[in-house]
Amino acid sequence: MNYLSPLEMMYKWEEEKSDKVYLSQPIDGVWNNWTYNEVMDEVRKMASYIKSLNLEEKSKIAILSKNCAHWIMSDLAIMMSGHVSVPLYPNLSAETLNKILIHSETRLMFVGKLDGFSKMQSGIPEDMSCITYPFYSEDYPKWDEVTKGVEPLMDNVIRDDNELATIIYTSGTTGDPKGVMHKFYNFSFATTNAVNALPLENESFFSYLPLCHIAERLLVQMGSIYTGGKVSFAENLDTFADNLSTASPTVFLGVPRIWTKFQQGILTKLPQKKLNILLSIPFVSYLIKKKIQNGLGLSKSRNIFTGAAPTPAPLIRWFTRLGIHIQEAYAMTENTCYSHVSFRDNIKIGSVGQALPYCEVKLSEENEILIKHDALMDGYYKEEGQTNETIKNGWLHTGDEGEIDENGFLTITGRVKDIFKTSKGKYVAPSPIEMKLSANKNIEQVCVVGDGVPQPIALITLSEIGLSKQKEDLIKSLEKTLKIVNTKLDDHERLHNIVVVNEEWNIENKLLTPTMKIKRNSIEKKYKEHYSIWYHSSNKIVT
């Protein structure tokens, strides 16, 4: 089957929707809009400028920025000029930034919307050329300056399907990031078939998760390109709620922690007991649901997704009561974010949905999930050995453990590689236990560990609700959860105690990935020396 490339789709909308707004971005509280025609004019001028630099064919060009209109324009200009994009997380350490730039052989970099750029700047090689964005200018030549007077590239450049389009460095919950290579065909195959299956058409998207991550790049950037839609951006964390409410997208993707934050925000204003009473009164229930949906900015959303990490089933059920039907999805950078999704009219809570069209899935003897389709990665850049370990006989070995029911619904049961052995010699899979503990609204994050001690212990951080509780009430709540969870576990899995850690796990202290998954190895290294002391505490809840 022939698929149109991202550039071909943009040429189509440039002609058919020239005056329709494509990108909308708040800057200092004022929304700035770019039509399809205006976007493509900027892209064509920047592509022309890049070509004037006479870089070697298919050079690597990096993008270091938070999400903004010029991020998407940069990516399109890199495609049009015949080069390969290397999108980077906007909060990398100088050391990691330097490693990636050198490993990828990047020749040019766009530097845009960033916090604390001064901490990263030393990681940029001295001989590297950089271009900075309007509105967020660093001390480099500015976008508007370098394109001033430049004749736009008027040819409708078509890149070959098999040309390398991008190298995406995974955030990595363990070890150094690996560069996942994707050709143009992979974007075309994955987006076209996903858009048709869901289905999506002329959608409105809200962009706030890192565009350098495959989920945001495929759903928001490519999704908007393939549906002729609109993308609105968040300005910052403080304005996030207002920006989302104003944008009112028809498609929204939230990672589990965002859903937890939304829930906590609602319960702060409307305690659970009062909410239960209001939801039990028919007409009042309708008004409350609409008020909450409008307040969150989700009143127009027809597809509401969650992914990147496990979302507790009780949390999804809680939102379902509010008329917000969350669709779990499952995919990886290595398969172009094309694998499984819950369709809005066929949600099975607790599963990550069914396989998308043309996606084959099976389980290994160890119940590892294996995926095969035409848009698997071309491999890890310069890492043939790791590529061969990950893709064997055409099947992508995900590292995730799962179950598939008779209707094709996939349930993730853990990580093959996350299994640890207690001092009793028993193996424990932490992920399912963590999901059970997450039902307690006092818990923000949880990591079950147990290497070197007889029974597993749970390390947790407290949510805003948990932090507001009296210590005695908090301990009672956690003790109750511990008792309930342990009754559902085999003897060797039962938690010895719960440890409340004081330090928040976040991206800045490198205990969370940029998509807010816990970095298990980093947490293990930080706390392992305390395991024995905590284990031998006389308290079931250690604070």
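Guide: What follows covers one serine, a strand pair and the nonpolar cores. This is a predicted model, where local features need pLDDT of at least 70, side-chain atom pairs count only at pLDDT 80 or more, and totals for chains, interfaces and linings use all residues. Residues are numbered from 1 along each chain as its sequence is written, and side-chain values use heavy atoms, with hydrogens and water left out.

Visitor: Where is S301 found?

Guide: S301 is in the loop between α12 (282–296) and β12 (303–306). Helices (H or I, at least four residues) and strands (E, at least two) are DSSP runs, numbered from the N terminus.

Visitor: Is S301 buried or exposed?

Guide: S301 is buried, at a relative accessible area of 14%. Buried means under 20%, exposed over 50%, partly exposed in between (1.4 Å probe, protein chains only).

Visitor: What does S301 contact, leaving aside neighbours within four places in sequence?

Guide: P249, T250 and F252, where contact means heavy atoms within 4.5 Å. The S301 side chain also reaches the backbone oxygen of P249 at 2.7 Å.

Visitor: And F252, which strand is that in?

Guide: F252 belongs to β11 (residues 251–254), where V251 and L253 on one side and F252 and G254 on the other are all buried.

Visitor: How many bridges join β11 to β12?

Guide: Four, and the strands run parallel; pairing takes at least two DSSP bridges. V251 has N303 as its bridge partner in β12.

Visitor: New topic: which residues touch the most other members of the largest nonpolar core?

Guide: L23, L88, M109, W259 and F319, out of 134 residues. A nonpolar core is a set of buried Ala, Val, Leu, Ile, Met, Phe, Trp, Tyr and Cys residues joined through side-chain atoms within 4.5 Å.

Methods
A polar contact is a pair of N or O atoms within 3.5 Å; within protein, one must be able to donate a hydrogen and the other to accept it, and residues adjacent in sequence count only if both atoms are side-chain atoms.
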